[in-house]
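Open the model in your viewer and keep the selection tool ready. The tour below goes stop by stop.

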Amino acid sequence: MTNKRLPLKVKIALGVASWANNLLVLLNTYFLLYFYTDVVGISGGTAGIIMLIARVWDAVNDPMMGIIVDKTRSKEGKCRFWLKYFSVPTAVVLFLSYFCPAVSTPGKIAWVAVTYILQGMASTVLSVSTNALTARVTDDPDERVLIQQISSLGDLALSLTIPSVTLPLATFFAGESHNMITGFAGVVAIYSVIYGVLRLISWKGTEGYDVDSSEDEKHIGENHSGQSILELIRQTFRNHYALLASASYIFYLLISAIMGSTTVYYFKYNLQNTNLLSVYSVAVMVGSVIGILTMKPMHKLLGNARSCAFCGAACVVGCIIRWVTMDQNFLIFVVSMIILGFGSGMVGSYSVQCILDSCTYAKLKDGANNQGTTMAVFTFSQKLGQALGGVVAGWMLELVPYVANAQIQEQSVLDLFFAENIILLMILAGCLTIGFLLVSRYEKRLRELVRNRKAEEQGIRSCQKV
């Protein structure tokens with residue numbers, strides 16, 4: 001087992017990679033559907049179809065990238081090679097996906113489709129690589145928790161700023177012409193530069209830590225390729241721990257995507273106060289801070305899977321409070337947002353830990369060394385959950401008489417936004433809780449495998465001393 005104690009700079013570099021990924025996730029979650037419908041001017045149904053097509057392609061693209069990472073031979077390492085050469089191109093694609101030329105509606109649809117699919121492919125390269133890198137550098141769960149705490153601090157700052165400042169900045173960049181395409185292009189140009197820089201920091205800061213460990217991997221440049229593609233796929237599908245954790249994680253992504261895709265609509269039309277987005281962001285931040293501060297003791301007390309289940313139950317409680325009060329009491333609204341911030345924010349953190357644990361589980365149980373392929377399953381579940389949330393939100397707009405930028409919407413539209421923001425989220429949080437309670441059974445088996453391996457290693461050392 002690689003129970004390495006990592007220098008602080010390496011932990012920060014790995015955490016920074018999460019910041020970049022979360023910047024993209026937040027931007028897409030909160031503003032992609034809004035950008036497509038209210039800025040570019042395509043229908044919610046068309047946007048939903050584009051997102052669905054992209055996710056169908058991801059079913060092929062993500063596992064393919066995982067296999068490529070596992071079979072990469074480079075002096076930069078299996079994972080850092082991709083960070084070095086794809087960070088800047090991915091940042092460029094991110095900018096292009098939030099810009100649209102002045103063309104006809106079919107041209108706009110084509111532009112949106114191509115840039116969104118390219119964004120997904122480029123982000124897959126980096127996400128699979130960075131997640132696999134974390135799994136490769138250490139098996140120590142305490143070290144991984146520390147990395148996740150660093151990640152969560154940056155994610156927290158982004159969760160506070162991205163939802164609250166993006167629209168005001170886009171309006172500023174739109175200028176007197178009120179051209180929101182120009183406005184979004186200006187904002188996302190800044191975000192793209194930040195994204196690329198964070199990815200490159202992650203590449204540079206992990207130098208020397210993405211070292212090939214197997215005999216095959218030590219001979220850089222030779223024509224053998226270690227495990228076959230078929231064996232990598234078989235190992236991945238035998239890892240029920242990873243598959244169940246990834247499937248349960250989809251419920252979390254659905255919660256985030258649906259809430260994010262409809263939050264702007266809900267505050268604009270139901271509550272008629274977009275300034276509450278800032279209050280919402282601060283309350284969620286407070287809940288997330290509580291979660292970050294309690295992450296290590298919760299990890300020790302409950303383990304990662306049961307911590308996910310606990311946070312899912314907290315989300316259910318927060319939704320029930322909002323349902324009963326209809327978000328009409330300001331103080332109760334803030335409290336419920338804090339609870340939701342704690343629950344939804346920390347589910348994401350503990351979910352990553354569950355997937356990393358599943359890599360250790362596969363290594364100890366079957367001798368599998370397929371972190372890239374396993375992380376590709378996780379990355380695919382991440383994008384599938386985000387996209388399905390956007391697809392559901394987009395298609396639901398087609399079921400009601402939603403009118404973009406109207407001052408007043410029909411009651412059926414308001415009812416839809418309320419149901420998406422509260423009732424549907426409560427149901428999904430309940431499913432998430434059940435899913436991770438099932439995952440906890442595998443975590444129990446992992447602890448047994450770790451104890452057995454440590455006993456074996458201690459026995460070997462004792463024999464060597466004799």
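**Stops on the tour**

Start by selecting I194, which lies in helix α6; helices here are DSSP runs of H or I with at least four residues, numbered from the N terminus. I194 is partly exposed because its relative accessibility is 38%, where buried means under 20% relative accessible area, exposed over 50%, and partly exposed in between (1.4 Å probe, protein chains only).

The model is predicted: local features need pLDDT of at least 70, side-chain atom pairs count only at pLDDT 80 or more, and totals for chains, interfaces and linings use all residues. Residues are numbered from 1 along each chain as its sequence is written, and side-chain values use heavy atoms, without hydrogens and water.

Helices α5 (141-174) and α6 (180-205) each supply at least two of the patch residues, and the largest share, four residues, comes from α5.

Stay in helix α5 and select G154. G154 is buried, because its relative accessible area is 9%.

Last, go to D70 in helix α2 (residues 44-70). Which side chain of opposite charge is nearest to D70? That is K78, 5.4 Å away, and the buried D70 has no salt bridge (a side-chain nitrogen of Lys or Arg within 4 Å of a carboxyl oxygen of Asp or Glu). Among the residues that D70 touches are K78, L232 and N369, contact being heavy atoms within 4.5 Å.

Definitions and conventions
Lys, Arg positive; Asp, Glu negative; His and termini not counted. Lists of a residue's contacts leave out its neighbours within four places in sequence.
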